[in-house]
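Please read the points below beside the sequence and the model.

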Amino acid sequence: MTTHALLLLPGDGIGIETIAEVERLIAFFNARSNKGKFTVERDVVGGTAYDAHGVAITDAAMAKAQKADAVMFGAVGGPKWDKVPYEHRPEAGLLRLRKDLDLFANLRPAICYPALADASSLKRELVEGLDIMIVRELTGGVYFGEPKEIVTLENGERRAVDTQLYTSREIERIAKVAFDLARKRGNKVHSAEKRNVMKTGVLWNQVVTEVHKSYAPDVKLEHILADNCAMQLIRNPKQFDVIVTDNLFGDVLSDEAAMMTGSLGMLPSASLGAPDAKTGKRKALYEPVHGSAPDIAGKGLANPIATIASFGMALRYSCDMGAEADLIDKAISSVLDKGLRTGDIMQPGMTQVGTTQMGRAIEAALKALTA
Ligand code: IPM
Ligand code: MG
């Protein structure tokens with residue numbers, strides 16, 4: 001039997017509550033699964049790490065992350081840490097994990113569960129059956145480009161610089177991920193950039209076109225300007241299958257896509273590195289797309305579904321447990337069909353539940369599905 005080493009990094013705010021529901025499912029699978037067992041390590045990240053150690057993530061936690069088969073990440077940030085030095089802000093912990101583990105491929109599926117079609121801010125007919133995969137480049141672009149600074153000029157004015165920077169190799173490897181995924185789905189890729197104003201957009205467009213020609217001529221490719229992509233997502237989201245885009249556009253477009261599924265509380269994500277040359281294993285981190293939600297943190301109100309669905313992605317992409325991942329998706333669906341809702345997806349006539357009740361209900365549904 002295979003053992004999968006998990007590192008749990010709940011972080012701040014509701015991350016702590018939603019990761020606790022993942023622990024419930026880990027215990028469930030450890031008690032029954034004949035496919036694999038999980039070992040669990042824990043550590044702190046974000047503001048919680050800053051309070052304990054003065055940094056957003058320690059070297060020791062990074063070493064655990066390097067060794068783990070998968071990192072389960074909750075969320076980071078909150079007003080409590082608004083004043084900490086920029087390099088120690090909670091988000092720096094997440095960015096270091098992404099960069100040091102070289103997790104360049106961020107997969108953000110936006111799926112609309114039928115039971116939630118009316119919770120979307122768009123009309124039911126626009127989102128029912130929606131199934132988009134946003135492939136966001138995660139270790140380059142304006143998030144990491146240097147220089148990145150605020151300087152005071154001689155005349156006393158201040159000037160801020162961020163640097164948007166991409167190499168052809170970075171674009172090539174993310175494009176391949178998108179084409180590979182498209183082949184297993186609707187066989188269509190939209191590549192979003194701003195070639196009309198940005199040199200990185202021009203290069204992005206060229207490299208994606210080259211990769212398409214040499215690597216994936218069988219997949220349908222369309223280039224789209226990122227602003228038009230944002231508009232088309234609202235106008236007719238079901239035209240999309242896979243969207244591949246840079247770090248910043250991917251950040252924005254994935255929040256937009258998330259809302260179509262009913263709530264930001266529904267969207268999971270996987271961040272993957274390149275397969276190891278010897279073992280074929282990828283470094284991986286799984287996290288909900290939502291943040292730490294300080295306004296509802298500690299109240300047991302958070303929706304754990306995005307974090308639980310992220311665990312499902314870990315089973316699929318890191319543990320070779322696709323059947324178990326399907327079970328998690330089915331369990332989520334069945335709980336929603338029964339009318340259970342956390343506050344963020346609450347609708348008239350449904351039953352409002354808290355974080356723990358939702359987690360327990362999903363576990364019970366899993367039990368029923370595997371009985
Ligand atoms: C996300 C988040 C992060 C990002 C923050 C927390 C640094 O918004 O994962 O989308 O901007 O990448
Ligand atoms: Mg974001």
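1. P147 belongs to strand β6, which covers residues 145–152; strands here are DSSP runs (E, at least two residues), helices are DSSP runs (H or I, at least four residues), and both are numbered from the N terminus. The peptide bond that joins E146 to P147 is cis, with omega about 0°.

2. Before going further, please keep in mind that this is a predicted model, in which local features need pLDDT of at least 70 and side-chain atom pairs count only at pLDDT 80 or more, whereas totals for chains, interfaces and linings use all residues. Residues are numbered from 1 along each chain as its sequence is written, chains are lettered from A and ligands numbered from 1 in the order in which they are written, and side-chain values use heavy atoms, with hydrogens and water left out.

3. A293 is placed in the loop that runs between β12 (284–288) and α10 (305–318).

4. The protein is split into domain 1 (1–108 + 266–371) and domain 2 (121–261), with bounds that come from an automatic or database domain assignment. Taken over C-alpha atoms, the centres of domain 1 and domain 2 are 24 Å apart. To the contact, meaning heavy atoms within 4.5 Å, domain 1 contributes 16 residues and domain 2 contributes 20 residues.

5. Between them, domain 1 and domain 2 bury about 1600 Å², of which 63% is on carbon and sulfur atoms; buried area is the accessible area (1.4 Å probe) that two parts lose on being put together, summed over both.

6. The two domains are linked by 1 salt bridge, a term that requires a side-chain nitrogen of Lys or Arg within 4 Å of a carboxyl oxygen of Asp or Glu. R173 also forms a salt bridge with D102, with 3.1 Å between the closest N and O atoms. On the side of domain 1 that touches domain 2, the elements giving two or more residues are α4 (91–100) and β4 (105–111), and β4 gives the most, with 4 residues.

7. Which residues are around ligand 1? They are E91, R98, R108, R136, Y143 and D251, where the criterion is a heavy atom within 4 Å of the molecule. A polar side-chain atom of R98 lies 2.7 Å from an oxygen atom of ligand 1, and for R108 the corresponding distance to an oxygen atom of the ligand is 2.8 Å. D251 likewise has a side-chain N or O atom 2.8 Å from an oxygen atom of ligand 1.

8. The structure as a whole holds 24 salt bridges. One of these pairs E21 with R24, with the closest N and O atoms 2.7 Å apart; because E21 and R24 are 3 residues apart in helix α1 (residues 14–32), they are separated by about one helical turn.

Definitions and conventions: A polar contact is a pair of N or O atoms within 3.5 Å; within protein, one must be able to donate a hydrogen and the other to accept it, and residues adjacent in sequence count only if both atoms are side-chain atoms.
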